[in-house]
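Please look at the structure below before reading on.

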Amino acid sequence: LEIILINDGSTDNSGAICRQYAAKHEHIRLHEGENHGVSTAYNIGLDMARGDFVAFCDSDDFVAPTMYQVMYEQAVANQADMSCCRLRCGRKMDELRANAPALMDGVFERQAVLEKWFLPLLLPRLGQRVFGYQVLCLFRREILEKHHIRYQSGLSMHEDRMFILEYLPHVRRLTATPEPFYNYVFHDNSLCAKYFIKKEVPLHTREREWLL
């Protein structure tokens, strides 16, 4: 297991905590720099990664202790290029979501992945609840490197959707578990709250990012 911590210009005690963990554990690596946004932070982590699979976890969320072990074992056992789970969210953590409900449990081949996740995510249709949560997935790093898949710098929202859309066409097989291993925490000062609720990001910026 390799854990990469990206301290993207934090202004609290996060840097000190990261340095403390990195000093104690040889499998934890740390990168610190000025704030350049979430996409740049993800890309730095991808450039540093050396494992067969890559996963992401945002700083204000938390995961079940067995999440990555279970998803990795399922990916290896089924020779899958992607392994997924569900998330728990909401103010009371009482809402469950899957990236693609039709692919929530089992092993799925390329055609099913394209029809039930890629196309609905690319062309949203009324009544189809399909998401682009990259934090629910394990990605095969060989595919990321071969096709030069990275996050689009400069985006403050929907960067995960763009990343998923680039990756899905290269997935030959996907495995999924209905377990809600990932806990997506809502709080008033999160980037999502500032973007969608408080609308602190200018309207023209939000419209440009939706079009991208």
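Trp 117, Phe 118, Leu 121 and Leu 122 in α4 meet Arg 161, Ile 164 and Leu 165 in α6, contact being heavy atoms within 4.5 Å. The residues of this contact divide into 6 nonpolar, no polar and 1 charged. The model is predicted, with local features needing pLDDT of at least 70 and side-chain atom pairs pLDDT 80 or more, while totals for chains, interfaces and linings use all residues. Residues are numbered from 1 along each chain as its sequence is written, and side-chain values use heavy atoms, without hydrogens and water.

Helices α4 and α6 pack at an angle of about 130°, with axes 10 Å apart.

| Element | Residues |
|---|---|
| α4 | 110-122 |
| α6 | 159-167 |
| β7 | 95-98 |
| α2 | 38-48 |

Elements are DSSP runs: helices H or I of at least four residues, strands E of at least two.

Arg 97 is found in strand β7. At 18% relative accessibility, Arg 97 counts as buried (under 20% relative accessible area, 1.4 Å probe, protein chains only). The side chains of Arg 97 and Glu 95 are joined by a polar contact of 2.8 Å (a donor and acceptor pair of N or O atoms within 3.5 Å). Leaving aside neighbours within four places in sequence, Arg 97 has contacts including Arg 86, Arg 129 and Tyr 133.

In helix α2, the buried residues include Tyr 42, Leu 46 and Met 48. The buried residues of α2 pack against β1, β2, β3, α5 and α6.

Definitions and conventions: Axes are lines fitted to C-alpha atoms, for helices over the stretch in contact, and angles run from 0 to 180 degrees between N-to-C directions. Ala, Val, Leu, Ile, Met, Phe, Trp, Tyr, Cys and Pro count as nonpolar, Asp, Glu, Lys and Arg as charged, and the others, Gly among them, as polar. Buried means under 20% relative accessible area, exposed over 50%, partly exposed in between (1.4 Å probe, protein chains only).
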